[in-house]
Amino acid sequence: MFSKIIFSTLFFLSACGFAQNTKTSNTVLMGGKPVRTYSKLPAVNKPAPKFVLTDVSMNDQTLDSYKGKYVILNIFPSVDTGVCSASVHHFNEDAGNLPNTVVLCISKDLPFAQKRFCGAEGIKNVVMLSDFRSDFGWNYGVEMIDSPMKGLLSRAVVVIDPSGNIIYEEQVPDISQEPNYEAAINAVKG
């Protein structure tokens, strides 16, 4: 009897491990060198995966918090790098004032660092959110799983319509490059 319980438990655990490893990783570049991410971005015309992220006041924010609006997810490794900082500035200026639209800038940076960055840089038209204690990177397929950047998020943009469906996605091929801002903004404008 005891051996059956152990066998059943081991079988269950191995099946769970197999299920977790069935997603296909994706490859992006970092300065021309390959870096794998957990998987690919969620597909266009599908419901956006739910998430819980932390804002600069240490409060939980969910995708449902922005229901009924266009949501631009500006996803990047760290606000402390030049390209990431540039993407926040660009969306702050160009997309932050689109009607019925919110821009969520998402990284693994701690909320304290995000708040300090926004204050120092005069960022007021985007919402900074941290993935430091959630599974957002896995659910959206953007968490890097190897290289010195392992654990951080790759550079990507996802646009979600007011009904919660993805209408645009871009996994930036090389995280040292900026995303296609115009395409993301045009997705909102229709």
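Predicted model: local features only at pLDDT ≥ 70, side-chain atom pairs only at ≥ 80, totals over all residues.
Asp64 is partly exposed, with a relative accessible area of 45%.

- Asp64 belongs to the loop between β4 (60–62) and β5 (70–75), while Lys50 belongs to the loop between β2 and β3 (52–55); the pair, 14 residues apart, links distant parts of the chain.
- Lys50 is exposed, at a relative accessible area of 53%, whereas Asp64 is partly exposed at 45%.

**Salt bridge Asp146–Arg36**
- Asp146 and Arg36 form a salt bridge in which the closest N and O atoms are 2.9 Å apart.
- Because Asp146 sits in the loop between α4 and β8 (156–160) and Arg36 in strand β2 (residues 33–37), the pair ties together parts that are 110 residues apart in sequence.
- Both partners are partly exposed: Asp146 has a relative accessible area of 23%, and Arg36 has one of 37%.

- Glu143 counts as buried, at 10% relative accessibility, because the cut-off for buried is under 20% relative accessible area.
- A network of salt bridges links Lys108, Asp131 and Glu143.

**Surroundings of Gly137**
- Gly137 is located in helix α4 (residues 136–139) and counts as buried, at 0% relative accessibility.
- Beyond its neighbours within four places in sequence, Gly137 is in contact with Asp131, Val142, Glu143 and Leu153; of these, Asp131 and Glu143 belong to the salt-bridge network with Lys108.
- Leu41 is 96 residues from Gly137 along the chain, and their C-alpha atoms are separated by 9.9 Å.

**Overall layout of the protein chain**
- The chain contains five helices and nine strands, in the order α-β-β-β-β-β-α-β-α-β-α-β-β-α from the N terminus.
- Of its 190 residues, 43% are buried.
- Among contacts with a separation of 6 or more, 65% involve residues 24 or more positions apart.
- The chain exposes about 9,800 Å², of which carbon and sulfur atoms supply 56%.

Conventions
Residues numbered from 1 in each chain as written. Heavy atoms only, no water. Helix = DSSP H or I, 4+ residues; strand = E, 2+ residues; numbered from the N terminus. Buried < 20%, exposed > 50% of the residue type's maximum accessible area, 1.4 Å probe, protein only. Contact = heavy atoms within 4.5 Å. Areas by Shrake-Rupley, 256 points an atom, 1.4 Å probe, with all protein chains shown as cover. Salt bridge = Lys/Arg side-chain N within 4 Å of Asp/Glu carboxyl O.
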